[in-house]
Each structure stands twice: as C-alpha cells, then as structure tokens.
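The tour goes from stop to stop, with something to select at each.

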Amino acid sequence: MAEDQEDVAAWRTLLLAQNAVLRAIDAELQRAGLIPLTTYDVLLELSAAEGRRLRMQELAARTVLSRTRVSRLVDDLVAEGLVTRERDPDDGRAWFAVLTPAGRAARRKAAPVYLAGIRRHFTDHLDPDEQAQLTEALDKVLAAHEQRAGG
C-alpha cells in the first residue's frame, strides 16, 4: 500500500508541478501581449520539424493537446496567418500544418519570455544534477512509451 501511495505521490507531484509552470509561463506570455503557450508549443514543434511541416497526427503526438484540439488550434492559426494547411501529396486524405514566416516571427518574438519563464519557474529551482536526473528519469518513461507505440 505504501508503494502505491509513493507512485501516486510522484505522479500527482509531476502533474501539479507541470500545471503550475505551464500556467505561470502562459500568464507571462499573455501579460507581454504575446501568443498563448499552446500556440507557442505548436509553432515550436513546426519550427523544429523537417521542412517546418508536420502531419496533423504527428503534431498532436508532439504536443500535449488532443487531435481535435490541435485541429481547432491549427484552424485558428491558419486564420491568423501563422500556419497554412497543405494536402499530403503522398496521401490525399492527410494534411500538413506548415509554419509560415509570420508564424516563425511570432514564435521568435515570444521566445525570450518563454525561455525566461522556463528558467524562472522550473530550472532555477533545480541544481544541475537534479536537472540531469530528472531528464534521465523522464527519458526512461518516454522511451518506454515510444517503444510500445512503435512495437
């Protein structure tokens, strides 16, 4: 029973810490008059992708948003000129979300607030060894899920 409580405590603490940090960074972006954190995360993933494009399914897998929420957000970003949609030439049923120059500019403009928020609300509270341990531990969890999804 004590082991179950430790499992739940670790899980609960991870969720609460993530929620607190995300809310704080999003609030700072809003106060600065910049794009919301969910938009930043989508633009960041597109920026890092080959050709600055991802299939909608891939984009949903790389963010913490559901496929439906990603689709709605991409619709909004298309309307704002930050992203375009392009049909996948290899699969006529699939669509790519593609980062536009305006989307790159919006992400770049928000980056200093985003990065400062990560430091202020997350990494400043951990010493370098704790950061490395946390990264290693969470990489194990991620690798297990990636292996399961691929196999």
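Which residue of β3 does T84 stand opposite? Select T84 and look across: V98 is there.

A note before moving on: this is a predicted model, with local features needing pLDDT of at least 70, side-chain atom pairs counting only at pLDDT 80 or more, and totals for chains, interfaces and linings using all residues. Residues are numbered from 1 along each chain as its sequence is written, and side-chain values use heavy atoms, without hydrogens and water.

Now select residues 83-88 and 91-99, strands β2 and β3. They pair in the antiparallel sense over 6 bridges. The two strands form a hairpin, with 2 residues between them. Strands are DSSP runs of E, at least two residues; helices are runs of H or I, at least four; both are numbered from the N terminus. Pairing takes at least two DSSP bridges.

Next, R52. Find it in the loop between α2 (37-48) and β1 (53-55). Its phi is positive, about 50°, although R52 is not a glycine. Most residues other than glycine have a negative phi. R52 is partly exposed, at 32% relative accessible area.

Go to R23 in helix α1 (residues 2-31). R23 is exposed, at 60%. Exposed means over 50%, buried under 20%, partly exposed in between (1.4 Å probe, protein chains only).
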